[in-house]
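Student: Could you take me through how to read the features of a protein model, one by one?
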Amino acid sequence: MRKYTSEISLNNNSSHGIIFNEIKEGSRVLEFGCASGRVSKLLCERNCKVYGVEIMPDAFADAKKFLFDGICSDIEKYEWKEKFSGTDFDVIIFSDVLEHLRNPEKVLFEAAKFLKEDGFIIASIPNIAHGDILAKLYQNRFDYTSEGLLDNTHIRFFGYNNLIELFSSGELFLAWVNGTHAPLGATEQATDKSKKLLTDLRKKQYGDVYQFVFKLYKREYAEKSGMKYENRLNDGFSAFLQVYFNTGEGYSESFS
C-alpha cells in the first residue's frame with residue numbers, strides 16, 4: 001500500500017499549512033521525503049524551484065514531474081550530498097521524515113551545510129507524549145498503526161524536551177517551535193477505555209499536541225542576527241477551533 005498520497009491540507013492546524021506559511025514565493029527548496037510530490041507540486045505553484053529526495057521508486061517517479069532536480073535514494077546513504085554539491089537552498093523541508101531515520105541529528109546537521117547564509121530548515125515530527133499514547137501506555141499497550149502518531153515505519157520518537165535538548169548546542173539554532181493539535185480521545189490511538197483517563201491527561205502540558213513543527217537556522221547566523229527562541233505552541237482546545245459553514249451544499253471552511 002502506498003502511503004502519503006491523499007490530498008494535503010494547508011489550514012492553520014496542519015503541519016503543511018504552518019510550513020507553507022514560512023516559504024516565500026520563488027524560493028529554492030530541498031524537500032527530503034518528497035513522496036509522490038504533493039508538497040512539491042504546491043511549491044511549484046508558488047514559483048519555487050524544488051529539489052527532492054525520495055526512497056520509494058514509484059513515488060519518486062510521480063514526484064519527478066514537479067522537481068527541478070532530485071534523487072531516488074535512502075537519505076542516510078547521503079548520496080544526495082554529491083547530487084546537490086554546489087547548490088545552496090533558501091529552505092530545506094523535513095515533513096514527517098525525521099522519525100523514520102536512524103540518526104536524524106546527523107542528517108539535519110549535514111543538510112544544514114546546504115543552506116544559504118539566511119536559509120532555514122523547517123520540519124514536522126509527531127509528539128510521542130500525546131495524551132492518547134499515554135492512555136494506551138497506562139493500559140500496558142504500545143500499538144502501531146498504518147499512519148499517524150505511531151506509524152509502523154517510525155523508528156525514532158520525540159517529546160517537546162527532546163527537541164529542545166537536541167538543539168541546545170551544535171551548529172543549528174532552534175528559532176521556534178509550533179505545532180498542530182488533536183483533542184485527546186480523537187486520534188487513531190484513542191480507545192473507549194482511554195476516555196476514562198482523559199480528565200487528568202488533559203491537564204498535561206502539550207498533551208494535545210499532535211505534531212511539533214520547528215524552524216532551524218545556522219547558529220552563527222542566528223547569533224549574529226540576535227535571534228531569540230520562541231515557543232509558539234498553544235495548549236488547549238482553542239488552538240484547533242475551526243468554523244465550518246453550510247450554505248445548503250454541505251459544510252465548507254469558506255463562506256461564499
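The dialogue below goes from the overall fold to the sheet, the cysteines, one tyrosine and the cavities.

Tutor: Before anything else, note that this is a predicted model, in which local features need pLDDT of at least 70 and side-chain atom pairs count only at pLDDT 80 or more, whereas totals for chains, interfaces and linings use all residues. Residues are numbered from 1 along each chain as its sequence is written, and side-chain values use heavy atoms, with hydrogens and water left out.

Student: How many helices and strands does the chain have?

Tutor: Helices (H or I, at least four residues) and strands (E, at least two) are DSSP runs, numbered from the N terminus. In this chain there are nine helices and ten strands.

Student: What share of the residues counts as buried?

Tutor: Buried means under 20% relative accessible area, exposed means over 50%, and partly exposed lies in between, with a 1.4 Å probe and protein chains only. Of the 256 residues of the chain, 47% are buried.

Student: In what order do the strands of the eight-stranded sheet lie?

Tutor: Two strands pair if DSSP finds at least two bridges between them. Here an open sheet with mixed pairing runs in the order β3-β2-β1-β4-β5-β7-β6-β8, and its edge strands, β3 (69-72) and β8 (230-231), each pair on one side only.

Student: In which sense do β5 and β7 pair?

Tutor: Strand β5 and strand β7 are antiparallel over seven bridges, with isoleucine 121 opposite leucine 216 in β7. Strand β5 (residues 115-126) also pairs with strand β4 (residues 89-95), in the parallel sense over six bridges, where isoleucine 93 has isoleucine 122 of β5 as its bridge partner. Strand β6 (residues 172-181) pairs with β7 in the antiparallel sense over nine bridges, and leucine 172 stands opposite lysine 218 in β7.

Student: Why is β7 described as largely enclosed by the rest of the structure?

Tutor: Strand β7 (residues 209-218) is described in that way because nine of its ten residues are buried.

Student: How many disulfides does the whole structure hold?

Tutor: A disulfide is a pair of cysteine sulfur atoms within 2.5 Å, and a search of the whole structure finds zero. Cysteine 34 is in no disulfide, the nearest cysteine sulfur being that of cysteine 72, 8.7 Å away, which is too far for a bond. Cysteine 34 is buried at 3% relative accessibility, while cysteine 72 is partly exposed at 33%.

Student: Is tyrosine 160 buried or exposed, and which residues does tyrosine 160 touch?

Tutor: Tyrosine 160, found in helix α7 (residues 160-166), is buried at 14% relative accessibility. Contact means heavy atoms within 4.5 Å; not counting residues up to four places away in sequence, tyrosine 160 touches Val177, Tyr206, Phe212, Tyr229, Asn231 and Leu233.

Student: Which residues line the largest cavity?

Tutor: On a 1 Å grid over the protein atoms alone, a cavity is a set of points where a 1.4 Å probe fits but cannot get out, and lining residues have an atom within 4 Å of a point. Grid points are joined across faces, edges and corners, and a volume is the space filled by probe spheres set on the points. The structure holds two cavities of 30 Å³ or more, and the largest cavity, about 40 Å³ in volume, is lined by Glu99, Pro126, Asn127, Ile128, Leu149, His154, Arg156, Phe157 and Phe158.

Note on methods
On a 1 Å grid over the protein atoms alone, a cavity is a set of points where a 1.4 Å probe fits but cannot get out, and a pocket is an open set with protein on both sides within 12 Å along at least five of seven lines; lining residues have an atom within 4 Å of a point.
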